[in-house]
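Me: Could you go through this protein with me and say what stands behind each label? I'd like the value set next to the cut-off every time.

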Amino acid sequence: MKRFRNRRARLLPMALCSLLLGACASRAPERAPPPDFDAAAAVAAIRAAGTASGGELDVQPLRDPQVSDLSEEATRLEAGRLYQAAADRLDQALEISAQDPNLLQQRAEIALLLGQTDLAERLALQARAAGTDVGPLCRRNWETVVRARAGGSRPPDTAGLPRVSVEEAGRRRDACTVAPPPRY
């Protein structure tokens, strides 16, 4: 019995020391965007890049009415600066239609407003992969990548998503503008 107590007495300090060292282990801190990063201005620039001109090809897929309602509610919440509530509505919509490029892009823009630059870039690249290679949405996708990088985002390590430089993202954004086919 005495041997058991001695062994226990020696193990207790070692266990406490292990717990303390484990608690001190460094975790990668969440990175905040640079202090001069203006998320609202970035989102405004993204949306300006996505403004359709009358003389270009613009593909608009059909949407589920429930998804449309959640998206419109998210837009109203964003206007009231209730960004987390807007993100929640968009997450609900994405549960219904996970590969909707418009929803993914809208959620990416809300992620920027919430200071989640890595998520914003990843969602924009997912939207780009699910969407088209041309038109306003394509420009918004690539402009989001550019703006997220300005906010401190790192290229995603997710398989299937491109790891491009800011310069390449800018070139791809510019290549999204395509004239519609001629009509005779």
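Me: Where does A85 lie, and why is A85 called partly exposed?
Reply: A85 lies in helix 4, residues 83-96. Helices here are DSSP runs of H or I with at least four residues, strands are runs of E with at least two, and both are numbered from the N terminus. Buried means under 20% relative accessible area, exposed means over 50%, and partly exposed is what falls in between, with a 1.4 Å probe and protein chains only. A85 has 22% relative accessibility, so A85 counts as partly exposed. A85 and A74 are 11 residues apart in sequence, with 7.3 Å from C-alpha to C-alpha.

Me: Before we go on, what kind of model is this?
Reply: This is a predicted model, in which local features need pLDDT of at least 70, side-chain atom pairs count only at pLDDT 80 or more, and totals for chains, interfaces and linings use all residues. Residues are numbered from 1 along each chain as its sequence is written, and side-chain values use heavy atoms, with hydrogens and water left out.

Me: How many helices and strands does the protein have?
Reply: The count is 8 helices and 0 strands, and along the sequence the pattern reads α-α-α-α-α-α-α-α. Of the 184 residues, 37% count as buried.

Me: What makes helix 3 and helix 4 roughly antiparallel?
Reply: Two packed helices are described by the angle between their axes and the distance between the axes. Axes are lines fitted to C-alpha atoms, for helices over the stretch in contact, and the angle between N-to-C directions runs from 0 to 180 degrees. Under 35 degrees counts as roughly parallel, over 145 as roughly antiparallel, 65 to 115 as roughly perpendicular, and the rest as oblique. Helix 3 and helix 4 pack at about 170 degrees, with their axes 8 Å apart. That angle is over 145, so the two helices are roughly antiparallel.

Me: Which residues make that contact?
Reply: Contact means heavy atoms within 4.5 Å. On the helix 3 side, the residues include L70, A74, L77 and E78, and on the helix 4 side they include Y83, A85, A86 and L90. The residues of this contact divide into 10 nonpolar, 3 polar and 3 charged. Ala, Val, Leu, Ile, Met, Phe, Trp, Tyr, Cys and Pro count as nonpolar, Asp, Glu, Lys and Arg as charged, and the others, Gly among them, as polar.

Me: What makes a set of residues a nonpolar core, and which have the most contacts inside the largest one?
Reply: A nonpolar core is a set of buried Ala, Val, Leu, Ile, Met, Phe, Trp, Tyr and Cys residues joined through side-chain atoms within 4.5 Å. The largest has 36 residues, and those with the most contacts inside it include I110, L113, W142 and A169. Helix 5 (101-113) is among the elements giving two or more residues to this core, and helix 5 gives the most, with 7 residues. A169 touches W142, V145, V146 and V164, not counting residues up to four places away in sequence.

Me: Why is T144 called buried?
Reply: T144, in helix 7, has 0% relative accessibility, so T144 counts as buried. Beyond its neighbours within four places in sequence, T144 is in contact with I46, Q105, A108, L112, A120 and A124.
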